[in-house]
Amino acid sequence: MTQAARPNGRGTYHDDFRLSITKALGDQLADALSHLGRAPLADENLVQLDERPGVYQLYLGGDFVYVGKADKTLPGRLRNHLRKLSGRRNIDLDDVAFSCLYVAEDFSALAPEQLLISHHKEMGSIPWNNNGFGNKDPGRQRDSTILKKNHFDVVFPIDLDRPVEGLVPGDTSLHAFLKALKSGLPYNFRYAEPPRSKSSFVTVPHAGLSANEAFRLLSEALPEAWQVAALMGYVIMYADSPNEYKSAWRYFRSGTVVEAEPEASPEEIGQDDLFDEE
């Protein structure tokens with residue numbers, strides 16, 4: 001009598017063999033990282049790293065919070081994170097640590113950080129992955145979005161009391177002042193170029209100007225219809241005053257600082273939410 005095949009195509013003497021190479025790679029990467037020590041995310045530790053690609057994990061207060069990859073160099077990528085975190089409230093850089101592995105350049109095609117994410121998802125969530133930490137500038141269409149309560153920008157909003165790097169006291173054109181602000185801040189500043197920006201001037205009163213002082217000064221030099229809006233995760237400037245944004249907590253209009261109460265959704269970001277990574 002012939003053994004009938006089971007509905008799924010398997011029988012007592014035949015079956016499928018499934019080898020998950022990607023799972024095996026993810027498990028091996030996670031195991032290798034788990035045997036490494038951790039170092040504070042600080043310049044003195046980053047200079048010890050080789051300028052090579054690799055994968056890394058971040059820890060906050062001893063807890064694993066993020067996994068990422070560096071396609072070019074690990075120290076460069078980790079410095080970007082250090083700079084970003086330095087401009088956030090509710091976080092102490094002394095509590096942030098990292099571990100990392102160098103990988104061959106052609107290994108990046110296998111998306112090693114996704115292998116690690118898949119591995120760790122099986123054991124629970126990774127708080128900073130897929131919650132906005134690694135986002136690129138989301139673009140103008142996302143400026144009015146209401147963020148969920150566990151979004152990175154809600155938990156760790158930007159710090160406007162932080163000094164702007166590279167600002168030199170004295171007179172400068174509005175055009176140059178905008179460029180200096182953009183390069184001197186550890187968070188994104190997106191803006192439209194105002195009219196006559198190269199023939200309008202701003203006087204920087206002293207070195208070490210805070211972002212809050214710089215944006216107030218900037219707003220004095222703008223036409224009346226313009227405003228600067230500090231959102232939870234970045235700052236924007238457009239000719240749309242007095243338009244309001246759901247996640248804004250401060251506006252700068254004609255030299256006046258206007259406080260606001262940002263909205264946040266009571267919902268939490270789930271593991272299936274996707275964000276654009278840097």
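What follows walks through a sheet, the helices lying across it and the nonpolar cores of this predicted model.

The sheet is an open one, built from 5 strands with mixed pairing, and its order reads S7-S10-S9-S11-S12. At the edges stand S7 (189–191) and S12 (256–259); each has a single partner strand, so one side of each is left without a neighbour in the sheet. From one strand to the next, the twist averages 20°. Inside that order, S9 (residues 227–231) and S10 (residues 235–238) run antiparallel and are joined by 4 bridges. Across this pairing, Ala 229 sits opposite Ile 236 in S10.

Two helices come into the picture here. Helix H6, covering residues 174–184, lies across S7 and S10 and runs at about 150° to S7. Helix H7, covering residues 211–221, lies across S7, S9, S10, S11 (248–253) and S12, and its run makes an angle of about 45° with S11.

Then there is the packing. The largest nonpolar core holds 30 residues, and the ones touching the most other members are Leu 160, Phe 177, Phe 189, Phe 215, Leu 218 and Val 235. Two or more residues each come from H6, strand S8 (201–204), H7, S9, S10 and S11. H7 gives the most, with 5 residues. As for Phe 177, leaving aside residues up to four places away in sequence, its contacts are Leu 167, Thr 172, Val 202, Val 204, Ala 214, Leu 217 and Leu 218. Another core, of 21 residues, lies apart from the largest one, and its members include Cys 100, Phe 133, Phe 152 and Phe 156.

Notes. Residues numbered from 1 in each chain as written. Predicted model: local features only at pLDDT ≥ 70, side-chain atom pairs only at ≥ 80, totals over all residues. Heavy atoms only, no water. Pairing = 2+ DSSP bridges. Axes fitted to C-alpha atoms, helices over the stretch in contact; angles between N-to-C directions. Contact = heavy atoms within 4.5 Å. Core = buried A, V, L, I, M, F, W, Y, C linked by side-chain atoms within 4.5 Å. Buried < 20%, exposed > 50% of the residue type's maximum accessible area, 1.4 Å probe, protein only.
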